[in-house]
Amino acid sequence: MLDFGSQTPLRSQTLWHAVAHGVSAGEPPTLSFVTPSAPYVSIGYHRRLKEIDLDSCRSHGLPVFRRMVGGGPVYLDRNQLFFQISLPSELVPAFGPRAMRYLLTPAVEAFNDVGVPATFDERGDISVGEAKISGIAGGQIEGCSLAVGNLVHAFDYDAMAMVLGVAEEPLYTELVRMMRTYFHPTPVDQDAFKAALIARYASAFDLEPGSGLLSDHERAQLSELDARFTDPGWLSGPDRADPPARQIKIRSGVWVFSALHQDTRVTGSVIGERFERLHVEDPLSDGQVAAIEAALAGERIDEMEDVLAPFGATGERVVAAISRIDGRNL
Amino acid sequence: MSDRVVGGYTIDVDLLYDGERHVWLLILGEGRARVGMDPLGVETMGDVVQMYLQEPGVALNRGAAFGTIEAAKFVGPLTMPVSGTILTNNQAVASDPGLLTRDPFGEGWLIEIEPSDPAEFDLLVRGEEQVVEWFESKVRDYGAKGMLAE
């Protein structure tokens, strides 16, 4: 077990990546903890850097780092305790969702131990009811499979919106509303949660818990990772085409969007396959906007053309705008 | 191409397979082979949402990562079945990883390579009888571990 305490934003990322390299090289399975000493932003390995408003982050003094595990852009600060479980890959039975469940089930049990009735839900999130409570990600780094998660004491929803460059209405209000509804902090005792995590992981993987220090190999890796994570080339990540519409995932299966077709803009939220709430701006509309918003709420996305058929040209423009969204990977 | 249904999956028994990583190899001709994932490997990964494939010109050893793949926020490597140099990558599947599921032996191919050591072909599972036996055993093994959809 390695408790790094409070670390700079850079080290709060690179330390646990270095541990993964160490476990890959033969260090024992490791549970680590870290809290960032200052706010920053982290983006998942495959994600487009354009999902983040870099200018806004810069003006607010937020460094941005690309991690080597999955998921999207996230805002991190000292109100979040991060934990990482790193195991040799041969001990982890699968890839993807099964690996995540295997690696994070002890964490779910630890949440329950401290009074948070969490589950690892069928969508792959750690949740209480409909709300996600922990930001999780995972990956294989060399021969180490790891998962990361956090205990969130409080979450700055406005800062998250700023990081994403969402300032204009109505997307801002809808984004913050959906985040408040579907992502909940769990302000429990941090030391009790750490103790529960240590006990649960030791039990699950038949380990004898003990405190440790970074190995020489891990220290060497740390220096390389510090350089890599501050390299603009690494940060820029994959070169991917811009999507035709703005889409922001709140939790698995829950997202908000803003889509434009000519002068018609539709902003809305989606839960599963259905629209939750919509806001239509259409300068050519003949007073049907409110009726269209009401007609689509609760309807399946793939049935919108039928639903909007009675609304003529206005309905066609709304369909054209919404057709630009793509929820496949959300 | 010789398709057979094995353990509920349609596989091409003419291909060569990396038995641990579920990566197939199709020898296209002298100095060129195509690489992809078999449907069992695809299923055990879950829904793939992101993928990165290395650019042409990169030389890699057997087992090295020629790309990365992400499912359920878990990023893992795609590994070379044999050593070689990447000749081209399939941008269609990189843009739409769902092709892996829909057409793993066709439009869902991943890269084409120039193998550097044809002797490594002998390390792969090949021949209809061996491929069927190997694939059936993997389906049984993964099923017993609860890694496959019911």
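Where does Pro209(A) lie in chain A? I will come to that in a moment, after a word on what we are looking at. This is a predicted model, in which local features need pLDDT of at least 70 and side-chain atom pairs count only at pLDDT 80 or more, while totals for chains, interfaces and linings use all residues. Residues are numbered from 1 along each chain as its sequence is written, chains are lettered from A and ligands numbered from 1 in the order in which they are written, and side-chain values use heavy atoms, with hydrogens and water left out.

To return to the opening question, Pro209(A) lies in the loop between H6 and helix H7, residues 216-229, of chain A; helices here are DSSP runs of H or I with at least four residues, strands are E runs of at least two, and both are numbered from the N terminus. Pro209(A) is partly exposed, with a relative accessible area of 46%, where buried means under 20%, exposed means over 50% and partly exposed is in between, for a 1.4 Å probe and protein chains only. If we leave aside its neighbours within four places in sequence, Pro209(A) is in contact with Ile198(A) and Ala202(A), contact meaning heavy atoms within 4.5 Å. From Pro209(A) to Asp226(A) there are 17 residues in sequence and 28 Å in space, taken C-alpha to C-alpha.

The loop between H6 and H7 of chain A also holds Asp206(A), whose phi is near 55°, a positive value in a residue other than glycine. Asp206(A) counts as exposed, at 73% relative accessibility.

Most residues other than glycine have a negative phi, and most peptide bonds are trans. Gln262(A), which is not a glycine, has a positive phi of about 55°, and is found in the loop between strand E13 (254-261) and strand E14 (264-271) of chain A. Gln262(A) is exposed, with a relative accessible area of 61%. As for peptide bonds, Glu169(A) and Pro170(A) are joined by a cis one, with omega about 5°, and Pro170(A) sits in the loop between helix H4 (157-163) and helix H5 (171-182) of chain A.

Let me turn to the helix pairs. Helix H3 (residues 96-113) and helix H6 (residues 190-204) of chain A pack at an angle of about 140°, with their axes 8 Å apart; the axes are lines fitted to C-alpha atoms, for helices over the stretch in contact, and angles run from 0 to 180 degrees between N-to-C directions. H3(A) is therefore oblique to H6(A), given that angles under 35 degrees count as roughly parallel, over 145 as roughly antiparallel, 65 to 115 as roughly perpendicular and the rest as oblique. On the H3(A) side the contact includes Leu103(A) and Phe111(A), and on the H6(A) side it includes Phe193(A) and Tyr201(A).

In the second pair, the axes of helix H1 (residues 9-24) of chain A and H7(A) come within 8 Å and cross at roughly 135°, which makes H1(A) oblique to H7(A). Among the residues that meet there are Leu10(A) and Val19(A) in H1(A), and Leu222(A) and Asp226(A) in H7(A).

Finally, chain A is divided into domain 1 (2-236) and domain 2 (246-322), with bounds that come from an automatic or database domain assignment. The centres of domain 1 and domain 2 of chain A, taken over C-alpha atoms, are separated by 34 Å, and the contact takes 20 residues from domain 1 and 17 residues from domain 2.
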